[in-house]
Amino acid sequence: MELWFTEKQTPNVGITCKITKTLHTETTPFQELAVIETLQFGRMLVLDGMVQTTIADEFVYHEMIAHVALNTHPNPEKVMVIGGGDGGTIREIVKHPKVKKAVLVEIDERVIEVSKQYLPEIAAALMGNPKVEVRVEDGIKHVKEHKGEYDVIIIDSTEPVGPAVELFSEDFYKNVYESLKEDGIMVAQTESPFFNRDIIKNSFTRIGKNFPITRLYFATVPTYPSGVWTFTLGSKKFDPLAVKKEDIFVDPSNKYYNAEVHFGAFMLPNFIAEIIK
């Protein structure tokens with residue numbers, strides 16, 4: 001008997017993967033968590049029926065949500081990730097030679113522990129890296145209580161459902177602004193331009209109300225809805241398009257992000273540019 005996993009990405013569209021086995025399932029205090037083995041994408045982390053990351057394509061998302069901001073800020077010594085319990089974004093952050101401390105603030109401890117067990121390639125930096133501090137707590141509460149502390153804040157959230165809804169609110173972006181130092185930068189994942197136009201428009205507008213420099217960029221992530229994924233960067237001072245190419249740090253292990261991609265990701269197709277006009 002063949003086994004298949006299907007994520008209904010919209011009421012009318014889904015992605016279906018043939019699987020060999022289910023490695024882990026549980027109900028945490030916050031969500032349904034599963035790790036499955038797929039033939040096409042390898043091990044896959046699923047939360048509330050939605051694909052979060054896979055071994056085959058995780059590098060795109062994690063490199064792009066991390067390195068654009070890290071190379072825009074001239075001295076990103078202290079960086080925070082809200083969400084991202086799989087550890088992929090933290091793994092990319094600690095590659096950067098100027099980063100001295102990377103703080104992971106994840107509300108669901110089980111995502112961290114299950115990722116360390118079943119996705120060690122992704123969660124490697126959560127297992128004893130001296131730069132990393134892991135805090136199991138609410139990121140919304142954390143930014144309210146830590147003012148002027150971070151150089152870069154990355155919001156590696158799930159889709160805006162359940163506990164993640166407030167991570168897309170204007171009040172939250174205001175608190176992120178205040179949690180950053182005077183020249184700080186934030187980045188948030190802001191969903192698909194095919195299926196989530198309102199989320200992109202609203203997030204861009206709300207971030208833009210707080211940050212004088214607001215830029216939208218995109219990448220291709222095969223297992224995310226539509227395969228095209230956007231990120232919104234808010235900066236108090238530094239423009240990602242004003243960075244000198246020769247100053248961009250590219251780790252030799254990168255599979256997607258490089259200096260050309262840094263600038264090219266901001267060159268938006270017309271249908272995406274129209275969303276944020």
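**Entry 1: T190**

I began with T190, which I found in the loop that runs between β10 (180–189) and α7 (197–210). I note at the outset that I am reading a predicted model. Is T190 buried or exposed? Its relative accessibility is 0%, and because buried means under 20%, T190 counts as buried.

I then looked up what the side chain of T190 meets, and I found a polar contact of 2.9 Å with the side chain of T230, together with a polar contact of 3.1 Å with the side chain of T232.

**Entry 2: D156**

Next I turned to the UniProt record, an unreviewed entry, which places the feature "active site" at D156. I located D156 in strand β9, which covers residues 150–156. With a relative accessibility of 7%, D156 counts as buried.

Which residues does D156 touch once its neighbours within four places in sequence are left aside? I wrote down Y61, H62 and I65, then V81, I82, G83 and G84, and finally T89.

**Entry 3: the two domains**

I then looked up how the chain is divided, and I recorded domain 1 as 3–54 and domain 2 as 57–274. Taken over C-alpha atoms, the centres of domain 1 and domain 2 are separated by 23 Å. To the contact between them, domain 1 brings 22 residues and domain 2 brings 24 residues.

For the extent of this interface I looked up the buried area, which is about 2,100 Å² between domain 1 and domain 2, with carbon and sulfur atoms giving 62% of that area.

**Entry 4: polar pairs and strands at the interface**

How many salt bridges are counted between domain 1 and domain 2? I noted two. I also looked up the salt bridge that E26 forms with R110, where the closest N and O atoms are 2.8 Å apart. For polar contacts across the interface of domain 1 and domain 2, the rule finds nine residue pairs, with both residues at pLDDT 80 or more.

On the side of domain 1 that touches domain 2, I found at least two residues supplied by each of β2 (14–27), β3 (32–38), β4 (42–47) and β5 (50–54). Of the elements on that side, β5 gives the most, and I put its share down as five residues.

Note on methods:
Residues are numbered from 1 along each chain as its sequence is written. This is a predicted model: local features need pLDDT of at least 70, side-chain atom pairs count only at pLDDT 80 or more; totals for chains, interfaces and linings use all residues. Side-chain values use heavy atoms; hydrogens and water are left out. UniProt positions are given in the numbering used here, feature names are shortened, and annotations may be inferred rather than shown by experiment. Helices (H or I, at least four residues) and strands (E, at least two) are DSSP runs, numbered from the N terminus. Buried means under 20% relative accessible area, exposed over 50%, partly exposed in between (1.4 Å probe, protein chains only). Contact means heavy atoms within 4.5 Å. Domain bounds come from an automatic or database domain assignment. Buried area is the accessible area (1.4 Å probe) that two parts lose on being put together, summed over both. A salt bridge is a side-chain nitrogen of Lys or Arg within 4 Å of a carboxyl oxygen of Asp or Glu. A polar contact is a pair of N or O atoms within 3.5 Å; within protein, one must be able to donate a hydrogen and the other to accept it, and residues adjacent in sequence count only if both atoms are side-chain atoms.
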